[in-house]
Amino acid sequence: LNEAVARIERDRLGERSSVVVADKKWHAGVIGIVASKLVDRYRLPSVVISSTGKRSKGSARSVSGVNIVDVLGKCRDVLERFGGHAQAAGLLVDSERIADFRERFDSCCSDILPKQACERTSIDAVVEAGEISRKLAKEMERLEPYGLGNPEPVLLMHGLTVASRRIVGTNHLKLRLACKRTGCHFDAIAFGQGDTALETGETVSVAFTPQINIWNGYESVQLKVKEIVCSK
């Protein structure tokens, strides 16, 4: 996953309509889990390919509103085989045609994504600032791996103030959020949401999943933001 993300950030693939990454070192047994995590991170249909020989095995995961099998069907002339269902599929591609597949897949996704209806985030629970802790984040990690049939839990917190904001990587929004009532502060990251109209000092409601962030050996809670709504 770290290798895939590094490549996506380096090549700015997160700015496209899909993510397709391949490597000879990646084991075919884990590419499905990695593809699911890339979908969660970039909110784009994602394909991870293990290119270990003449024929490469790929695992595809989709976003809501995009039937991944239908998209692969439009790429059938550059694939040897594919199959699955609306949100998850497997494929086999000639290793020399991975680049062709990447371009065709992205073109097909770009035709579909703008036509999607605006998707509202599904919320599992409304929480207060004082309930967010490292203990909670670690307990939620025990629910992994997330994917079809086991979606990542999403919490909602109201009344947060944007203390700071900046863009990092390929259009990711890095935030420092504060709850004035309790004095709590949170670091937050909103992947692919750098274009969000948000100003310092605004009060917002945030849909998120708490996660453990490790930096220089120190553990802290970071909010992985799904959606931000400015309070009126």
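Mentor: Val-221 is buried, with a relative accessible area of 16%; by the convention used here, buried means under 20% relative accessible area, exposed means over 50%, and partly exposed covers the range in between, all with a 1.4 Å probe and protein chains only. The model is a predicted one, in which local features need pLDDT of at least 70 and side-chain atom pairs count only at pLDDT 80 or more, while totals for chains, interfaces and linings use all residues. Residues are numbered from 1 along each chain as its sequence is written, and side-chain values use heavy atoms, with hydrogens and water left out.

Val-221 belongs to strand E11, which spans residues 218-230. Strands (E, at least two residues) and helices (H or I, at least four) are DSSP runs numbered from the N terminus. Neighbours within four places in sequence set aside, Val-221 is in contact with Ile-132, Ser-133, Arg-134, Asp-187, Pro-210 and Gln-211; contact means heavy atoms within 4.5 Å. Gly-169, by comparison, is 52 residues from Val-221 in sequence and 20 Å from it in space, C-alpha to C-alpha.

Several of these partners return in the lining of the second largest pocket, where Val-221 is joined by Ile-132, Ser-133, Arg-134, Arg-176, His-185, Phe-186, Asp-187, Tyr-218, Glu-219 and Ser-220. The search for such spaces uses a 1 Å grid over the protein atoms alone: a pocket is an open set of points with protein on both sides within 12 Å along at least five of seven lines, a cavity is a set of points where a 1.4 Å probe fits but cannot get out, and lining residues have an atom within 4 Å of a point. The volume of this pocket is about 200 Å³, a volume being the space filled by probe spheres set on grid points that are joined across faces, edges and corners. Strand E11 makes the greatest contribution to the pocket lining, four residues, and strand E9 (184-190) likewise supplies at least two. By class, the lining has four nonpolar, three polar and four charged residues. Ala, Val, Leu, Ile, Met, Phe, Trp, Tyr, Cys and Pro count as nonpolar, Asp, Glu, Lys and Arg as charged, and the others, Gly among them, as polar.

The structure holds one cavity of 30 Å³ or more. The largest cavity has a volume of about 50 Å³ and is lined by Asp-40, Arg-41, Arg-43, Phe-191, Gln-193, Lys-224, Val-225 and Lys-226. Two elements give two or more residues to this lining, helix H2 (31-42) and strand E11, and E11 has the largest share, three residues. Five of the lining residues are charged, two are nonpolar and one is polar.

Arg-43 is partly exposed at 39% relative accessibility and has a positive phi of about 60° although it is not a glycine. Most residues other than glycine have a negative phi. Arg-12 lies in the loop between H1 and E1 and is partly exposed, with a relative accessible area of 45%.

Helix H1 (residues 2-11) has Ala-4, Val-5, Ile-8 and Glu-9 as its buried residues. They lie on the same side of H1 because they cover an arc of only 130° around the axis, the arc being that of the directions from the helix axis to the C-beta atoms. An α-helix has 3.6 residues a turn, so residues three or four places apart point the same way. On the other side of H1, Asn-2 and Arg-10 are exposed. The buried residues of H1 pack against strand E1 (19-23), H2 and strand E8 (172-179).

These parts belong to a protein with five helices and eleven strands. Of its 232 residues, 45% count as buried. Among contacts between residues at least 6 apart in sequence, 60% join residues at least 24 apart. The C-alpha trace spans about 60 × 40 × 30 Å along its principal axes.
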